[in-house]
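Me: Could you take me through the aromatic rings of this structure?

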Amino acid sequence: MHRETLEEIQSFEGKYPKQLWHLFFSEMWERFCFYGMRGMLTFFMVHELFMKEDQANLQYGATQAFVYAFTFIGGLFADKILGFRKSLFWGGILMIAGSLILATDPHKFFFLGISVTVIGTGFFKPNISTMVGQLYKDGDPRRDAGFSLFYTGINLGALLGGYVCVAVGKGTLLGGVIPENIRWNIAFGFAAVVMTISLITFIFTKRHLGSIGLAPERKKKVVDYGAIGNNPEQEPVAISLEPGRKKSNAPAMLVYAGSLLAVPVIMKMVATPQYTDWFMYIIGPATLIFLFYEMTKCTKPEIKRLFAALIFIAFSIVFWAFFEQSGGSLSLFAANNLDDKLLGFIPLDPNGVNNSANALFVIIFAWMFGLVWLALAKKRREPNTVVKFGMGFLFLGLSFLMLFGTRFFQVSPGIAGLDMFTLAYLVMTFGELCLSPIGLSTMTKLSPPRLQGMMMGMWFLASAYGQYVAGLLGAGMAKTNENGTLLEKLIAYTEGYKQLGIYAIIAGVILIAISPLVRKLMQGVR
(Lines give C-alpha, C1' and ligand atoms only; values in the text may rest on other atoms or scores of the structure.)
Protein backbone atom coordinates (compact mmCIF):
# COMPACT_ATOMS: atom_id res chain seq x y z
CA MET A 1 0.00 0.00 0.00
CA HIS A 2 1.34 3.41 -1.00
CA ARG A 3 1.95 5.70 1.94
CA GLU A 4 1.65 9.36 1.07
CA THR A 5 4.59 11.62 1.70
CA LEU A 6 4.22 14.91 3.55
CA GLU A 7 4.63 16.76 0.24
CA GLU A 8 1.78 14.75 -1.32
CA ILE A 9 -0.49 15.35 1.69
CA GLN A 10 0.15 19.10 1.67
CA SER A 11 -0.38 19.34 -2.12
CA PHE A 12 -4.04 18.34 -1.90
CA GLU A 13 -6.63 19.77 -4.28
CA GLY A 14 -9.87 21.35 -3.17
CA LYS A 15 -10.75 23.07 0.10
CA TYR A 16 -9.82 20.36 2.59
CA PRO A 17 -7.28 17.50 2.75
CA LYS A 18 -8.88 14.08 3.23
CA GLN A 19 -6.77 13.51 6.36
CA LEU A 20 -8.62 16.39 8.01
CA TRP A 21 -11.79 14.28 8.09
CA HIS A 22 -9.97 11.45 9.89
CA LEU A 23 -8.77 13.80 12.61
CA PHE A 24 -12.22 15.44 12.63
CA PHE A 25 -13.97 12.26 13.80
CA SER A 26 -11.31 11.27 16.30
CA GLU A 27 -11.47 14.71 17.89
CA MET A 28 -15.28 14.74 17.78
CA TRP A 29 -15.60 11.71 20.07
CA GLU A 30 -12.84 12.92 22.37
CA ARG A 31 -14.69 16.23 22.76
CA PHE A 32 -17.89 14.33 23.62
CA CYS A 33 -15.96 12.86 26.52
CA PHE A 34 -14.40 16.15 27.57
CA TYR A 35 -17.44 18.42 27.28
CA GLY A 36 -19.72 15.78 28.68
CA MET A 37 -17.71 15.72 31.89
CA ARG A 38 -17.15 19.49 31.86
CA GLY A 39 -20.88 20.05 31.71
CA MET A 40 -21.49 17.83 34.73
CA LEU A 41 -18.76 19.13 37.05
CA THR A 42 -20.26 22.20 38.72
CA PHE A 43 -23.80 20.81 38.92
CA PHE A 44 -22.53 17.51 40.32
CA MET A 45 -20.37 19.21 42.95
CA VAL A 46 -23.23 21.39 44.21
CA HIS A 47 -26.12 18.90 44.02
CA GLU A 48 -24.35 15.57 44.65
CA LEU A 49 -21.22 16.44 46.65
CA PHE A 50 -23.09 19.29 48.42
CA MET A 51 -20.42 21.95 47.98
CA LYS A 52 -21.31 25.61 48.38
CA GLU A 53 -21.73 27.45 45.10
CA ASP A 54 -18.64 29.66 45.50
CA GLN A 55 -16.53 26.62 46.40
CA ALA A 56 -17.86 24.72 43.39
CA ASN A 57 -16.94 27.64 41.11
CA LEU A 58 -13.40 27.67 42.51
CA GLN A 59 -13.21 23.90 42.18
CA TYR A 60 -14.40 24.07 38.59
CA GLY A 61 -11.83 26.74 37.77
CA ALA A 62 -9.07 24.72 39.40
CA THR A 63 -9.98 21.52 37.57
CA GLN A 64 -10.24 23.19 34.18
CA ALA A 65 -7.05 25.15 34.80
CA PHE A 66 -5.12 21.91 35.34
CA VAL A 67 -6.71 20.39 32.23
CA TYR A 68 -5.39 23.18 30.03
CA ALA A 69 -2.10 23.59 31.91
CA PHE A 70 -1.32 19.97 31.16
CA THR A 71 -1.87 20.58 27.46
CA PHE A 72 1.32 22.66 27.58
CA ILE A 73 3.20 19.83 29.28
CA GLY A 74 1.73 17.29 26.85
CA GLY A 75 2.77 19.43 23.89
CA LEU A 76 6.29 19.74 25.26
CA PHE A 77 6.69 15.97 25.70
CA ALA A 78 5.30 15.41 22.22
CA ASP A 79 7.77 17.88 20.71
CA LYS A 80 10.82 16.48 22.47
CA ILE A 81 10.19 12.77 23.15
CA LEU A 82 6.95 11.01 22.19
CA GLY A 83 5.84 12.57 18.94
CA PHE A 84 2.24 13.61 18.45
CA ARG A 85 0.87 10.13 17.70
CA LYS A 86 2.19 8.38 20.81
CA SER A 87 1.24 11.34 22.98
CA LEU A 88 -2.29 11.32 21.60
CA PHE A 89 -2.67 7.56 22.12
CA TRP A 90 -1.39 7.69 25.70
CA GLY A 91 -3.69 10.59 26.49
CA GLY A 92 -6.66 8.66 25.12
CA ILE A 93 -5.86 5.64 27.29
CA LEU A 94 -5.72 7.83 30.40
CA MET A 95 -8.99 9.57 29.53
CA ILE A 96 -10.73 6.21 29.17
CA ALA A 97 -9.30 5.08 32.52
CA GLY A 98 -10.41 8.28 34.27
CA SER A 99 -13.92 8.02 32.86
CA LEU A 100 -14.22 4.38 33.96
CA ILE A 101 -13.09 5.30 37.48
CA LEU A 102 -15.83 7.95 37.64
CA ALA A 103 -18.39 5.56 36.21
CA THR A 104 -17.58 3.04 38.97
CA ASP A 105 -18.50 5.42 41.79
CA PRO A 106 -18.47 9.17 41.00
CA HIS A 107 -19.20 10.13 44.61
CA LYS A 108 -16.33 8.12 46.11
CA PHE A 109 -13.73 8.43 43.33
CA PHE A 110 -14.58 11.88 41.99
CA PHE A 111 -11.19 13.54 42.41
CA LEU A 112 -9.23 10.42 41.42
CA GLY A 113 -11.16 10.03 38.16
CA ILE A 114 -10.95 13.74 37.39
CA SER A 115 -7.18 13.78 38.00
CA VAL A 116 -6.50 10.87 35.64
CA THR A 117 -8.68 12.54 33.01
CA VAL A 118 -6.85 15.85 33.48
CA ILE A 119 -3.49 14.27 32.67
CA GLY A 120 -4.93 12.33 29.74
CA THR A 121 -6.46 15.43 28.18
CA GLY A 122 -3.10 17.17 28.47
CA PHE A 123 -1.45 14.53 26.30
CA PHE A 124 -4.31 14.31 23.79
CA LYS A 125 -5.64 17.79 23.10
CA PRO A 126 -2.72 19.98 21.84
CA ASN A 127 -1.22 17.29 19.66
CA ILE A 128 -4.17 16.53 17.42
CA SER A 129 -4.55 20.27 16.78
CA THR A 130 -0.88 20.50 15.82
CA MET A 131 -1.28 17.58 13.41
CA VAL A 132 -4.08 19.50 11.68
CA GLY A 133 -1.70 22.42 11.19
CA GLN A 134 0.88 20.13 9.57
CA LEU A 135 -1.58 19.16 6.83
CA TYR A 136 -0.91 22.57 5.24
CA LYS A 137 2.14 24.22 3.73
CA ASP A 138 3.32 27.53 5.17
CA GLY A 139 1.24 30.37 3.74
CA ASP A 140 -1.61 28.16 2.52
CA PRO A 141 -4.71 30.44 2.66
CA ARG A 142 -6.94 27.37 3.14
CA ARG A 143 -5.54 26.74 6.63
CA ASP A 144 -8.07 28.97 8.44
CA ALA A 145 -10.98 27.26 6.68
CA GLY A 146 -9.51 23.88 7.62
CA PHE A 147 -9.29 24.80 11.28
CA SER A 148 -12.86 26.13 11.17
CA LEU A 149 -14.04 22.75 9.85
CA PHE A 150 -11.99 20.95 12.49
CA TYR A 151 -13.61 23.21 15.07
CA THR A 152 -16.99 21.98 13.86
CA GLY A 153 -15.91 18.44 14.75
CA ILE A 154 -14.96 19.62 18.22
CA ASN A 155 -18.37 21.17 18.67
CA LEU A 156 -20.36 18.26 17.28
CA GLY A 157 -18.86 16.19 20.09
CA ALA A 158 -19.47 19.03 22.54
CA LEU A 159 -23.11 19.30 21.45
CA LEU A 160 -23.82 15.62 22.01
CA GLY A 161 -21.75 15.18 25.16
CA GLY A 162 -22.72 18.51 26.70
CA TYR A 163 -26.43 17.75 26.54
CA VAL A 164 -26.59 13.97 26.90
CA CYS A 165 -24.33 13.47 29.92
CA VAL A 166 -25.79 16.07 32.29
CA ALA A 167 -29.38 15.32 31.19
CA VAL A 168 -28.87 11.60 31.88
CA GLY A 169 -27.32 12.39 35.26
CA LYS A 170 -30.21 14.67 36.24
CA GLY A 171 -32.78 12.21 34.91
CA THR A 172 -34.33 14.57 32.35
CA LEU A 173 -33.13 12.24 29.58
CA LEU A 174 -33.82 8.49 29.77
CA GLY A 175 -35.04 9.04 33.32
CA GLY A 176 -37.73 6.40 32.89
CA VAL A 177 -35.20 3.84 31.67
CA ILE A 178 -32.14 4.32 33.88
CA PRO A 179 -32.63 3.69 37.63
CA GLU A 180 -32.07 6.82 39.71
CA ASN A 181 -29.26 5.30 41.80
CA ILE A 182 -27.00 4.69 38.77
CA ARG A 183 -27.82 7.71 36.60
CA TRP A 184 -24.54 9.49 37.30
CA ASN A 185 -22.58 6.26 36.82
CA ILE A 186 -24.12 5.88 33.36
CA ALA A 187 -23.54 9.55 32.57
CA PHE A 188 -19.81 9.27 33.29
CA GLY A 189 -19.77 5.88 31.58
CA PHE A 190 -20.90 7.48 28.31
CA ALA A 191 -17.65 9.47 28.33
CA ALA A 192 -15.57 6.27 28.56
CA VAL A 193 -17.44 4.62 25.68
CA VAL A 194 -17.07 7.50 23.24
CA MET A 195 -13.41 8.05 24.16
CA THR A 196 -12.79 4.42 23.21
CA ILE A 197 -14.44 5.10 19.84
CA SER A 198 -12.17 8.13 19.38
CA LEU A 199 -9.02 6.10 20.02
CA ILE A 200 -10.08 3.27 17.70
CA THR A 201 -10.82 5.83 14.98
CA PHE A 202 -7.32 7.26 15.28
CA ILE A 203 -5.66 3.84 15.22
CA PHE A 204 -7.34 2.92 11.95
CA THR A 205 -6.69 6.24 10.24
CA LYS A 206 -3.12 7.16 11.26
CA ARG A 207 -1.70 5.24 8.27
CA HIS A 208 -3.03 8.03 6.06
CA LEU A 209 -0.97 10.68 7.85
CA GLY A 210 2.43 9.94 6.30
CA SER A 211 5.19 11.23 8.59
CA ILE A 212 2.88 13.62 10.45
CA GLY A 213 2.99 13.07 14.19
CA LEU A 214 5.87 10.59 14.32
CA ALA A 215 8.37 10.78 17.17
CA PRO A 216 11.26 13.22 16.56
CA GLU A 217 14.33 11.53 15.05
CA ARG A 218 17.79 11.74 16.47
CA LYS A 219 20.14 13.40 13.97
CA LYS A 220 23.94 13.50 13.73
CA LYS A 221 26.03 16.14 12.02
CA VAL A 222 28.12 15.05 9.01
CA VAL A 223 30.96 17.36 7.98
CA ASP A 224 32.64 17.18 4.59
CA TYR A 225 36.36 17.58 5.27
CA GLY A 226 37.23 16.91 1.62
CA ALA A 227 36.80 20.57 0.78
CA ILE A 228 39.82 21.45 2.92
CA GLY A 229 42.21 19.99 0.31
CA ASN A 230 45.79 21.04 0.86
CA ASN A 231 44.86 24.21 2.74
CA PRO A 232 44.88 23.39 6.46
CA GLU A 233 43.52 26.87 7.32
CA GLN A 234 40.29 26.37 5.36
CA GLU A 235 37.19 25.58 7.48
CA PRO A 236 35.26 22.35 6.83
CA VAL A 237 32.13 22.89 4.74
CA ALA A 238 28.97 21.06 3.62
CA ILE A 239 27.55 20.32 7.03
CA SER A 240 24.49 18.07 6.78
CA LEU A 241 22.20 16.06 9.04
CA GLU A 242 21.80 12.30 8.68
CA PRO A 243 19.77 9.82 10.73
CA GLY A 244 21.60 8.79 13.87
CA ARG A 245 21.17 5.77 16.08
CA LYS A 246 17.66 4.63 16.80
CA LYS A 247 16.27 6.47 19.79
CA SER A 248 15.96 4.56 23.04
CA ASN A 249 12.47 3.85 24.39
CA ALA A 250 13.65 4.77 27.89
CA PRO A 251 12.64 8.46 27.72
CA ALA A 252 9.15 7.52 26.55
CA MET A 253 8.82 4.94 29.32
CA LEU A 254 9.85 7.60 31.85
CA VAL A 255 7.15 9.93 30.52
CA TYR A 256 4.50 7.22 30.86
CA ALA A 257 5.62 6.29 34.36
CA GLY A 258 5.94 9.91 35.44
CA SER A 259 2.44 10.74 34.31
CA LEU A 260 1.05 7.87 36.41
CA LEU A 261 3.10 8.87 39.44
CA ALA A 262 1.75 12.41 39.06
CA VAL A 263 -1.85 11.26 39.59
CA PRO A 264 -1.90 11.48 43.42
CA VAL A 265 -0.14 14.86 43.28
CA ILE A 266 -2.68 16.25 40.82
CA MET A 267 -5.49 14.68 42.84
CA LYS A 268 -4.37 16.59 45.93
CA MET A 269 -3.89 19.85 44.04
CA VAL A 270 -7.25 19.66 42.25
CA ALA A 271 -9.05 18.92 45.53
CA THR A 272 -7.42 21.95 47.20
CA PRO A 273 -7.90 25.21 45.25
CA GLN A 274 -5.14 26.90 47.29
CA TYR A 275 -2.61 24.55 45.68
CA THR A 276 -4.00 25.60 42.31
CA ASP A 277 -3.13 29.20 43.20
CA TRP A 278 0.48 28.24 43.86
CA PHE A 279 0.66 26.18 40.69
CA MET A 280 -0.66 29.02 38.53
CA TYR A 281 1.76 31.48 40.13
CA ILE A 282 4.65 29.21 39.12
CA ILE A 283 3.75 27.59 35.79
CA GLY A 284 3.16 30.80 33.84
CA PRO A 285 6.47 32.55 34.66
CA ALA A 286 8.36 29.26 34.31
CA THR A 287 6.84 28.72 30.87
CA LEU A 288 7.80 32.20 29.72
CA ILE A 289 11.37 31.72 30.93
CA PHE A 290 11.63 28.47 28.99
CA LEU A 291 10.15 30.08 25.88
CA PHE A 292 12.59 32.99 26.08
CA TYR A 293 15.42 30.46 26.31
CA GLU A 294 14.13 28.69 23.20
CA MET A 295 13.85 32.05 21.45
CA THR A 296 17.63 32.51 21.76
CA LYS A 297 17.91 29.75 19.15
CA CYS A 298 15.52 31.51 16.74
CA THR A 299 16.11 34.04 13.97
CA LYS A 300 14.98 37.66 14.36
CA PRO A 301 11.85 37.23 12.20
CA GLU A 302 10.91 34.11 14.22
CA ILE A 303 11.38 36.04 17.49
CA LYS A 304 9.10 38.85 16.29
CA ARG A 305 6.43 36.34 15.30
CA LEU A 306 6.68 34.66 18.70
CA PHE A 307 6.15 38.02 20.43
CA ALA A 308 3.06 38.53 18.27
CA ALA A 309 1.86 35.08 19.37
CA LEU A 310 2.35 36.11 23.02
CA ILE A 311 0.10 39.15 22.51
CA PHE A 312 -2.65 36.89 21.16
CA ILE A 313 -2.11 34.52 24.08
CA ALA A 314 -2.39 37.35 26.64
CA PHE A 315 -5.71 38.58 25.22
CA SER A 316 -7.02 35.03 24.98
CA ILE A 317 -6.66 34.70 28.77
CA VAL A 318 -9.15 37.54 29.18
CA PHE A 319 -11.48 36.07 26.56
CA TRP A 320 -11.61 32.62 28.16
CA ALA A 321 -11.98 34.03 31.68
CA PHE A 322 -15.30 35.51 30.53
CA PHE A 323 -16.35 32.82 28.06
CA GLU A 324 -15.79 29.95 30.51
CA GLN A 325 -18.44 31.22 32.88
CA SER A 326 -20.46 28.70 30.84
CA GLY A 327 -19.08 25.80 32.86
CA GLY A 328 -19.17 27.58 36.22
CA SER A 329 -21.51 30.42 37.14
CA LEU A 330 -23.72 29.96 34.08
CA SER A 331 -24.18 26.29 34.97
CA LEU A 332 -25.60 27.30 38.36
CA PHE A 333 -27.54 30.18 36.79
CA ALA A 334 -29.14 27.69 34.39
CA ALA A 335 -29.97 25.25 37.21
CA ASN A 336 -31.48 27.89 39.51
CA ASN A 337 -32.77 30.77 37.41
CA LEU A 338 -33.89 29.51 34.00
CA ASP A 339 -37.22 28.20 32.72
CA ASP A 340 -37.22 24.83 30.95
CA LYS A 341 -39.22 25.89 27.87
CA LEU A 342 -37.70 27.24 24.65
CA LEU A 343 -40.05 29.47 22.64
CA GLY A 344 -42.59 28.81 25.36
CA PHE A 345 -43.38 25.22 24.38
CA ILE A 346 -40.22 23.17 23.62
CA PRO A 347 -39.16 21.34 26.83
CA LEU A 348 -35.37 21.37 27.27
CA ASP A 349 -33.07 20.84 30.22
CA PRO A 350 -31.64 24.33 30.99
CA ASN A 351 -28.24 22.86 31.89
CA GLY A 352 -28.25 20.90 28.66
CA VAL A 353 -28.94 24.13 26.75
CA ASN A 354 -26.16 25.89 28.66
CA ASN A 355 -23.71 23.10 27.79
CA SER A 356 -24.67 22.57 24.16
CA ALA A 357 -26.18 25.75 22.66
CA ASN A 358 -22.76 27.17 21.85
CA ALA A 359 -21.71 23.92 20.18
CA LEU A 360 -24.90 23.78 18.10
CA PHE A 361 -24.38 27.31 16.84
CA VAL A 362 -20.76 26.56 15.96
CA ILE A 363 -21.87 23.59 13.87
CA ILE A 364 -24.39 25.78 12.05
CA PHE A 365 -22.16 28.78 11.47
CA ALA A 366 -18.49 27.64 11.54
CA TRP A 367 -18.42 26.57 7.89
CA MET A 368 -20.10 29.83 6.94
CA PHE A 369 -17.39 31.81 8.71
CA GLY A 370 -14.73 29.75 6.94
CA LEU A 371 -16.27 30.41 3.54
CA VAL A 372 -16.67 34.11 4.34
CA TRP A 373 -12.96 34.39 5.20
CA LEU A 374 -12.08 32.61 1.94
CA ALA A 375 -14.37 34.85 -0.12
CA LEU A 376 -13.02 38.01 1.48
CA ALA A 377 -9.46 36.77 0.98
CA LYS A 378 -10.07 36.38 -2.77
CA LYS A 379 -11.26 40.00 -2.87
CA ARG A 380 -8.34 41.07 -0.63
CA ARG A 381 -10.79 42.43 1.93
CA GLU A 382 -10.38 39.82 4.65
CA PRO A 383 -9.84 41.36 8.12
CA ASN A 384 -6.40 40.62 9.47
CA THR A 385 -6.04 38.18 12.36
CA VAL A 386 -5.72 40.93 14.98
CA VAL A 387 -8.98 42.57 13.89
CA LYS A 388 -10.69 39.16 13.98
CA PHE A 389 -9.58 38.78 17.59
CA GLY A 390 -10.95 42.24 18.38
CA MET A 391 -14.27 41.37 16.74
CA GLY A 392 -14.40 38.27 18.93
CA PHE A 393 -14.25 40.43 22.03
CA LEU A 394 -16.95 42.79 20.77
CA PHE A 395 -19.36 39.90 20.15
CA LEU A 396 -18.46 38.42 23.55
CA GLY A 397 -19.21 41.72 25.29
CA LEU A 398 -22.57 42.03 23.54
CA SER A 399 -23.51 38.47 24.56
CA PHE A 400 -22.89 39.21 28.24
CA LEU A 401 -24.97 42.35 28.03
CA MET A 402 -27.74 40.12 26.64
CA LEU A 403 -27.27 37.76 29.61
CA PHE A 404 -27.71 40.82 31.81
CA GLY A 405 -30.93 41.45 29.87
CA THR A 406 -32.41 38.10 30.91
CA ARG A 407 -33.50 39.80 34.16
CA PHE A 408 -36.08 41.73 32.10
CA PHE A 409 -37.65 38.53 30.72
CA GLN A 410 -38.74 36.70 33.86
CA VAL A 411 -41.53 34.16 33.53
CA SER A 412 -41.88 34.14 37.34
CA PRO A 413 -39.95 35.91 40.11
CA GLY A 414 -36.30 34.85 39.83
CA ILE A 415 -36.89 32.58 36.81
CA ALA A 416 -35.80 34.01 33.45
CA GLY A 417 -36.98 32.79 30.07
CA LEU A 418 -34.76 30.45 28.09
CA ASP A 419 -35.09 32.41 24.82
CA MET A 420 -32.90 35.43 25.64
CA PHE A 421 -30.36 33.13 27.27
CA THR A 422 -30.12 31.06 24.09
CA LEU A 423 -29.82 34.17 21.89
CA ALA A 424 -26.96 35.36 24.07
CA TYR A 425 -25.16 32.10 23.32
CA LEU A 426 -25.69 32.71 19.59
CA VAL A 427 -23.88 36.07 19.81
CA MET A 428 -21.21 34.56 22.08
CA THR A 429 -20.64 31.88 19.44
CA PHE A 430 -19.96 34.54 16.80
CA GLY A 431 -17.26 35.88 19.11
CA GLU A 432 -15.75 32.45 19.57
CA LEU A 433 -15.72 31.82 15.81
CA CYS A 434 -13.78 35.05 15.29
CA LEU A 435 -11.16 34.07 17.84
CA SER A 436 -10.76 30.42 18.73
CA PRO A 437 -10.37 28.53 15.43
CA ILE A 438 -8.35 31.43 14.03
CA GLY A 439 -6.26 31.34 17.21
CA LEU A 440 -5.37 27.69 16.71
CA SER A 441 -4.37 28.44 13.14
CA THR A 442 -2.38 31.52 14.15
CA MET A 443 -0.29 29.60 16.67
CA THR A 444 0.82 27.15 13.97
CA LYS A 445 1.55 29.96 11.49
CA LEU A 446 3.56 32.11 13.90
CA SER A 447 5.55 29.26 15.47
CA PRO A 448 8.77 27.74 14.08
CA PRO A 449 8.18 24.05 13.23
CA ARG A 450 10.25 22.78 16.16
CA LEU A 451 8.21 24.88 18.64
CA GLN A 452 4.72 24.28 17.25
CA GLY A 453 3.74 21.74 19.88
CA MET A 454 5.02 23.99 22.64
CA MET A 455 3.24 27.08 21.31
CA MET A 456 0.00 25.14 20.84
CA GLY A 457 0.43 24.06 24.44
CA MET A 458 0.95 27.70 25.47
CA TRP A 459 -2.29 28.60 23.69
CA PHE A 460 -4.07 26.07 25.88
CA LEU A 461 -2.07 27.20 28.91
CA ALA A 462 -3.59 30.64 28.32
CA SER A 463 -6.95 28.86 28.46
CA ALA A 464 -5.82 27.39 31.80
CA TYR A 465 -5.32 30.87 33.18
CA GLY A 466 -8.65 31.88 31.68
CA GLN A 467 -10.35 28.95 33.41
CA TYR A 468 -8.62 29.81 36.67
CA VAL A 469 -9.78 33.43 36.53
CA ALA A 470 -13.24 32.26 35.43
CA GLY A 471 -13.51 30.28 38.66
CA LEU A 472 -12.52 33.33 40.70
CA LEU A 473 -15.07 35.53 38.91
CA GLY A 474 -17.82 32.93 39.31
CA ALA A 475 -17.04 32.46 43.00
CA GLY A 476 -17.23 36.21 43.51
CA MET A 477 -20.71 36.33 41.97
CA ALA A 478 -21.86 33.30 43.99
CA LYS A 479 -20.70 34.76 47.31
CA THR A 480 -22.93 37.78 46.96
CA ASN A 481 -26.07 35.62 46.80
CA GLU A 482 -25.15 32.50 48.77
CA ASN A 483 -28.28 32.59 50.93
CA GLY A 484 -30.41 34.74 48.64
CA THR A 485 -33.79 34.13 47.10
CA LEU A 486 -34.07 33.12 43.45
CA LEU A 487 -34.71 36.75 42.52
CA GLU A 488 -31.69 37.97 44.48
CA LYS A 489 -29.52 35.34 42.78
CA LEU A 490 -30.83 36.39 39.38
CA ILE A 491 -30.01 40.04 40.06
CA ALA A 492 -26.55 39.25 41.44
CA TYR A 493 -25.49 37.02 38.56
CA THR A 494 -26.85 39.28 35.82
CA GLU A 495 -25.15 42.31 37.39
CA GLY A 496 -21.87 40.41 37.21
CA TYR A 497 -22.50 39.57 33.55
CA LYS A 498 -23.08 43.26 32.77
CA GLN A 499 -19.63 44.10 34.17
CA LEU A 500 -18.01 41.34 32.12
CA GLY A 501 -19.74 42.61 28.99
CA ILE A 502 -18.37 46.13 29.45
CA TYR A 503 -14.81 44.89 30.05
CA ALA A 504 -14.95 42.59 27.00
CA ILE A 505 -15.94 45.49 24.72
CA ILE A 506 -13.10 47.62 26.10
CA ALA A 507 -10.61 44.78 25.42
CA GLY A 508 -11.89 44.45 21.84
CA VAL A 509 -11.44 48.17 21.16
CA ILE A 510 -7.89 48.09 22.55
CA LEU A 511 -6.95 45.07 20.44
CA ILE A 512 -8.23 46.64 17.23
CA ALA A 513 -6.39 49.88 18.07
CA ILE A 514 -3.01 48.13 18.42
CA SER A 515 -3.51 45.96 15.34
CA PRO A 516 -0.92 47.87 13.20
CA LEU A 517 1.81 47.18 15.79
CA VAL A 518 0.93 43.50 16.05
CA ARG A 519 0.83 43.12 12.27
CA LYS A 520 4.41 44.41 12.05
CA LEU A 521 5.52 41.78 14.56
CA MET A 522 3.77 39.08 12.52
CA GLN A 523 6.20 39.65 9.64
CA GLY A 524 3.70 39.16 6.84
CA VAL A 525 1.79 36.25 8.41
CA ARG A 526 -1.98 36.72 7.99
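**Aromatic rings**

Reply: Ring pairs join Phe43, Phe44, Phe110, Phe111, Trp184 and Phe188 into a cluster. This is a predicted model, in which local features need pLDDT of at least 70, side-chain atom pairs count only at pLDDT 80 or more, and totals for chains, interfaces and linings use all residues. Residues are numbered from 1 along each chain as its sequence is written, and side-chain values use heavy atoms, with hydrogens and water left out.

Me: What makes two rings pair?

Reply: Rings of Phe, Tyr and Trp (its six-membered ring) pair if their centres lie within 6.5 Å; planes under 30 degrees apart are stacked, over 60 edge-to-face, and the rest tilted.

Me: How many aromatic pairs are there by this rule?

Reply: The count is 34 aromatic pairs. One of them, Phe34 with Tyr35, is edge-to-face, at 5.1 Å centre to centre and 90 degrees between the planes.

Me: Are Phe34 and Tyr35 buried or exposed?

Reply: Phe34 is buried, at 5% relative accessible area, and Tyr35 is buried at 15%. Buried means under 20% relative accessible area, exposed over 50%, and partly exposed in between (1.4 Å probe, protein chains only).

Me: Which charged end sits over the ring of Phe34?

Reply: That of Arg31, 4.2 Å from the ring centre. The rule requires NZ of Lys or CZ of Arg within 6 Å of the ring centre and within 35 degrees of the ring normal. Arg142 likewise lies over the face of Phe12, 3.9 Å from the ring centre.
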